[in-house]
Amino acid sequence: MAPLLHTHQIHPRTTLNRLHFLLYSLSLLLLLHHHTTTPSFLLLLADVFLAFLWLLSQGFRWRPVRRWEFPELLSKVTASKDFPALDVFICTTDPYKEPPVGVASTALSALAFDYPSDRLSVYVSDDGGSDLTLFAFFEAAKFARCWLPFCRENGVMERSPEAYFQSSGCDVEAEKMKVMFESLKERVDCAMEKGYVDLNLVNSLEEKEIFKTWKNFTRKDHPSVIQVLLESKKDKDITGHPLPNLIYISREKRPASLHNFKAGALNTLLRVSETMTNAPLILTLDCDMCSNDPYAPKRALCYFLDKDFSPNLSFVQFPQRFTGLNKNDIYNGEFRRVFTLGEQGLDGLQSANYLGTGCFFSRGSLYSSPPMAMPSFDEFKLHSCLLSSELILLKAHEVASSEYEHGRKEWGSQL
């Protein structure tokens, strides 16, 4: 008998919510009846409208559900080497509105997931086509060789270096990591001040050749750029442990072609990742978010590996948490109505919202309409070629072109 990987409970306040609903409904009916006995048609109309709005919101309170996962039991279901592969999508557009160091910290928090490194890939979509963002990720890839083993060996939970060094006191080893991260920030900030990547900041001849091509690029007119920064099959950290894949993508932009903003960027990531790693699970992250739980992918697996639950499962949405709030959150910075009341209430109605970040998708659900059977994880085969091989990159550039969706009506509607 398979172990129970997750469980749920109807919220304890459900009974009180329903009693409140009945009492409030009775009060509203009495109020509306009172309006019918007085010549106040406008007040009656206003109260009917407000009562209707109130009624619509009660569905969230009728059957809210709370869920728990047991990732420690996954080993009894499948070995970690057999976990489904995971592709992480991070989108950014403007290095001056979304600082590259912050975006790199988001990517590093995903690279440091407690997940088999040969089954984890992080894709960064730079819709601004900025050499500054690419430079930050070249630096982040070097930093990852030290940061990932540091997190692993010290049991770090907050694995975004930017967040970790702001919130934690540093011991000797952490202080060394902080010095390395500050050096990364200084180099990136130096490039940001100049507005371009000075070749004096670049040590590798290969990297210099890449940045030389940027001179003729503009934000809205440039060819596709796909750079494999880390590759699990050949790159290792300082302890000899394989590193996850890290891929930078800037899709082709042409003035005559519609790019459809973030939705277009996600579609491109979907196609490029299919040609490169083709993981059956996809996590979308905003570039200014970070994961504060390295076990988050395993928590999602508790649902996706449940054979009774997963056939009808499209995505698992994680809540968002915010820092810098005042003691009682008087400005509603936590958005509890959206992330707690709304999501738990919809879950009880067997529905959910995709909140744009912190969401694990089954790739199969994005490729088929509901009447079709959901593909199993085994149907998504990992490619045996190196990601940096000419064959793989050629196909990836093809699907990242600005003309790819033209004449293919299914993209953006069925896919």
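Tutor: Buried means under 20% relative accessible area, exposed over 50%, and partly exposed in between, with a 1.4 Å probe and protein chains only. This is a predicted model, in which local features need pLDDT of at least 70, side-chain atom pairs count only at pLDDT 80 or more, and totals for chains, interfaces and linings use all residues. Residues are numbered from 1 along each chain as its sequence is written, and side-chain values use heavy atoms, with hydrogens and water left out.

Student: Is asparagine 260 buried, exposed or partly exposed?
Tutor: Phi of asparagine 260 is near 60 degrees, a positive value in a residue other than glycine. Its relative accessible area is 43%, so asparagine 260 counts as partly exposed.

Student: Is glutamine 350 buried or exposed?
Tutor: Glutamine 350 also has a phi near 60 degrees, a positive value in a residue other than glycine. Its relative accessibility is 77%, so glutamine 350 is exposed.

Student: How many degrees lie between the planes of phenylalanine 89 and tyrosine 123?
Tutor: Rings of Phe, Tyr and Trp (its six-membered ring) pair if their centres lie within 6.5 Å; planes under 30 degrees apart count as stacked, over 60 as edge-to-face and the rest as tilted. Phenylalanine 89 and tyrosine 123 are both buried. Their pair is edge-to-face, with 6.0 Å centre to centre and an angle between the planes of 85 degrees.

Student: At what distance from the ring centre of tryptophan 62 does arginine 18 lie?
Tutor: A charge sits over a ring if NZ of Lys or CZ of Arg is within 6 Å of the ring centre and within 35 degrees of the ring normal. Arginine 18 lies over the face of tryptophan 62, and its distance from the ring centre is 4.7 Å.
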